[in-house]
Amino acid sequence: MRTMNILTRVLVLPFITLCGLLAGCEDPVPTGDYKEEIVVQSFLFVGEPINDVRIHRSQPVLDTFRLPVASIRNAVVTIETDSQTLPLEYVDDTTGGFYRAIDTAYRILPETTYRLRIVVDGKTLTGTTTTPITFAFTVPPKDTLIYPGKDKETQLFDSLYVRWTAVAPAQEYVPGIVNLDTTNYGSYLTPSTDEPNARVRDDEFDEGTRLDGERARYALAQTTSIPTVWRFFKWYGRHELVIYAGDKNFVNWFRQVGFGGRTSFSYQFNSVEGGLGVFGSAAVLRYPVFLKKKP
């Protein structure tokens, strides 16, 4: 799930860091009033296994926030449907670890209600999400696109539009472009060469934000059709176009942290009872795209 790992790094980890600084989320709070919170981020993707459920303790605003230190490793975590209970296990990694379903063969179903239950330190946290229906491209992107040059980035043609089937009335979508290889370029050409990959432009990409060095860019769409936006591409070469159709919890979470600049947490968008964070779901479309340099 390479794309999801990038999504986690770009959008979820800033959310965890954000909630780790809860003492600074609203008006300045005296240090003595700090109260530790349990912070959860969990997303279910239709057709994919249950993976990457992250549980952390918030940290005092005067401390240096470190994910491995904040990570909770001893929680009892289950995800339930009306017909079965799926226990989760802890898996360590370099970013502090995560929980996944012990049954790694299980795949998330569409139009199904899932209930998250976490028990840790004598506390119980819960959340509920109902997965969307699946959807499909009606007009997928072209397999290969040729970058027109910076002076022609604003030119749009019907052939550059991507379209897909609707998921629900008033559904909001999160489209993104993910670069899959920042190193190699010529090896994917015919005939192949040893030409290295390069950024489309040296700067202008999320400059001054925590997303500056990331390989993915995401946006919010309220229609089932979007143009190929050249400025979405940070690099040439291999990419993947992704379209997420999320439930309200997913979309609310994206509105808070998806653009990389938020420094506060809105409690009205919290979807975890007994703690803070998000438990949401989405259906996903993916399509490979290769961006060629202008001849």
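Which residues is Trp164 in contact with, leaving aside its neighbours within four places in sequence? In this predicted model, the list runs to Phe135, Ala136, Phe137, Thr138, Tyr173, Thr223, Thr224, Ser225, Ile226, Ile243 and Leu285. Trp164 also belongs to the largest nonpolar core, a set of 51 residues. Along with Ile50, Ile55, Ile118, Phe135 and Ile243, Trp164 touches the most other members of that core. As for who supplies it, strand E15 (residues 276-292) gives the most, with six residues. Another core, this one of 16 residues, lies apart from it and includes Val242, Tyr244, Phe250 and Phe254.

Next comes Glu172, which sits in the loop between strand E10 (161-164) and strand E11 (173-179). With a relative accessible area of 16%, Glu172 counts as buried, because the cut-off for that label is under 20%. The side chain of Glu172 makes a polar contact of 3.0 Å with that of Gln222. Sequence neighbours within four places aside, Glu172 is in contact with Leu220, Ala221 and Gln222, with Tyr244, Ala245 and Gly246, and with Val251 and Arg255.

Then there are the hairpins. Strands E3 (residues 76-80) and E4 (residues 85-91) run antiparallel and are joined by three bridges, with four residues between them in the hairpin. Here Thr78 is found opposite Pro87 of E4. E4 also pairs with strand E5 (residues 98-101), again in the antiparallel sense, over four bridges; one of the pairings sets Glu89 against Arg100 in E5. The E4 and E5 hairpin has six residues between its strands, and Gly96 there takes a positive phi near 110 degrees.

Key
Residues are numbered from 1 along each chain as its sequence is written. This is a predicted model: local features need pLDDT of at least 70, side-chain atom pairs count only at pLDDT 80 or more; totals for chains, interfaces and linings use all residues. Side-chain values use heavy atoms; hydrogens and water are left out. Helices (H or I, at least four residues) and strands (E, at least two) are DSSP runs, numbered from the N terminus. Buried means under 20% relative accessible area, exposed over 50%, partly exposed in between (1.4 Å probe, protein chains only). A polar contact is a pair of N or O atoms within 3.5 Å; within protein, one must be able to donate a hydrogen and the other to accept it, and residues adjacent in sequence count only if both atoms are side-chain atoms. Contact means heavy atoms within 4.5 Å. A nonpolar core is a set of buried Ala, Val, Leu, Ile, Met, Phe, Trp, Tyr and Cys residues joined through side-chain atoms within 4.5 Å. Two strands pair if DSSP finds at least two bridges between them.
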